[in-house]
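Subject: Structure handover

Hi,

My notes on what was found follow below it.

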Amino acid sequence: MTAAPRKRLSPEESRDAALEAARELLLEAGPQAVTLKAVAAKIGRTHANLLHHFGSAAGLQKALAANIACGVTAKIGAAVMRARQGTDHDDREVVDMTFDAFDKGGAGALASWMILTGNQDALDPILEAIHGLMDQLAEGHDDKTHSLHEETLQLVLMALGDALLGAPMARALGLPRDKARDIAAAQLSRTMGEHHADGEPHP
């Protein structure tokens, strides 16, 4: 029986399909499974095709990290904007989105794997996406830009650490698994409350 002709994809569609397949492999089998060969097999493309798009496995992983980070920062930005417009908002929502990106979304494991395998630029796409979000949130509030960066640094470090070590540490200390999220949300609420007291819109 003759095989059905393979659908011809545009370069953008081919790249998007590869990133989606890479994300699935990341969540199913971990960061070590995100290789050009595995992604090519998953989407029915050639190794050379993916090499053209990403240059190397490290390039594919970096693009995947950027893809995850952009998606998450867009959600966080939308949540903060809803809060500024006075609609229902809970600081825990922002915390959960950030923690989920590094844990359930695989960004923490991916970044750690990339660093351990010699890709020292592993966090760059994540940090660039977060920096863009901070610039967006600080627009019109230049006096608060520094504190926004400090809050983001603290939140991302907590989320990354929790993704990698949160479960065993919580067990060892006899604490609930989501205790780190509680601490992060309480800290964010305190900081945002201080800004609100200074006359800044909440958050």
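**Overall layout**

The protein has nine helices and zero strands. Helices (H or I, at least four residues) and strands (E, at least two) are DSSP runs, numbered from the N terminus. Read from that end, the order of elements is α-α-α-α-α-α-α-α-α.

Two notes on method. This is a predicted model, in which local features need pLDDT of at least 70 and side-chain atom pairs count only at pLDDT 80 or more, while totals for chains, interfaces and linings use all residues. Residues are numbered from 1 along each chain as its sequence is written, and side-chain values use heavy atoms, with hydrogens and water left out.

Of the 203 residues in the protein, 39% are buried. Here buried means under 20% relative accessible area, exposed means over 50%, and partly exposed is in between (1.4 Å probe, protein chains only). The accessible surface is about 11,200 Å². Carbon and sulfur atoms hold 57% of that surface. Areas come from the Shrake-Rupley method with a 1.4 Å probe; for residues, only the protein chains shown count as cover.

Now contacts, meaning heavy atoms within 4.5 Å. Among those in the protein with a separation of 6 or more, 67% join residues 24 or more positions apart.

**The core**

The largest nonpolar core has 46 residues. The term covers buried Ala, Val, Leu, Ile, Met, Phe, Trp, Tyr and Cys residues joined through side-chain atoms within 4.5 Å. Val39, Leu60 and Leu64 touch the most other members. The top contributor to this core is helix α4 (residues 57–84), with ten residues.

Take leucine 60. Setting aside neighbours within four places in sequence, leucine 60 contacts Leu19, Ala22, Val34, Thr35, Leu36, Val39 and Phe54.

Helix α2 (residues 36–43) has Leu36, Val39 and Ala40 as its buried residues. They sit on the same side of α2, because they cover an arc of only 100° around the axis. The arc is taken over the directions from the helix axis to the C-beta atoms. Lys37 and Ala41 are exposed on the other side of α2. Glycine 44 follows α2 and has a positive phi, near 70°.

In α6 (107–116), the buried residues are Ala107, Gly108, Leu110, Ala111, Ser112 and Met114. Just after α6 comes glycine 118, with a positive phi of about 100°.

Alanine 57 lies in helix α4. Alanine 57 is partly exposed, at 30% relative accessibility.

**Salt bridges**

How many salt bridges are there? The count comes to ten, where a salt bridge is a side-chain nitrogen of Lys or Arg within 4 Å of a carboxyl oxygen of Asp or Glu.

Start with aspartate 96. Its side chain meets that of arginine 92 in a salt bridge (2.9 Å, N to O). Aspartate 96 is partly exposed, with a relative accessible area of 23%.

Aspartate 96 also bridges to arginine 181, with the closest N and O atoms 3.1 Å apart. This pair links distant parts of the chain, 85 residues apart: aspartate 96 in helix α5 and arginine 181 in helix α9 (residues 179–197). Arginine 181 is buried, at 10% relative accessibility.

These residues belong to a salt-bridge network of Arg92, Asp96, Asp100, Lys104, Asp178, Arg181 and Asp182.

Arginine 177 and aspartate 103 also form a salt bridge (3.8 Å, N to O). They are 74 residues apart and again link distant parts of the chain. Arginine 177 is in the loop between α8 (145–173) and α9, and aspartate 103 in the loop between α5 and α6. Both are partly exposed: arginine 177 at 35% relative accessibility, aspartate 103 at 32%.

**A surface patch**

Leu164, Leu165, Met169, Leu173 and Leu175 make a nonpolar surface patch of about 480 Å². Patches are made of residues with over 30% relative accessible area and no salt bridge; like charges are joined within 9 Å, nonpolar side chains (Val, Leu, Ile, Met, Phe, Trp, Tyr) within 5 Å. Leucine 175 is in the loop between α8 and α9. Leucine 175 is partly exposed, at 41% relative accessibility.

Best wishes
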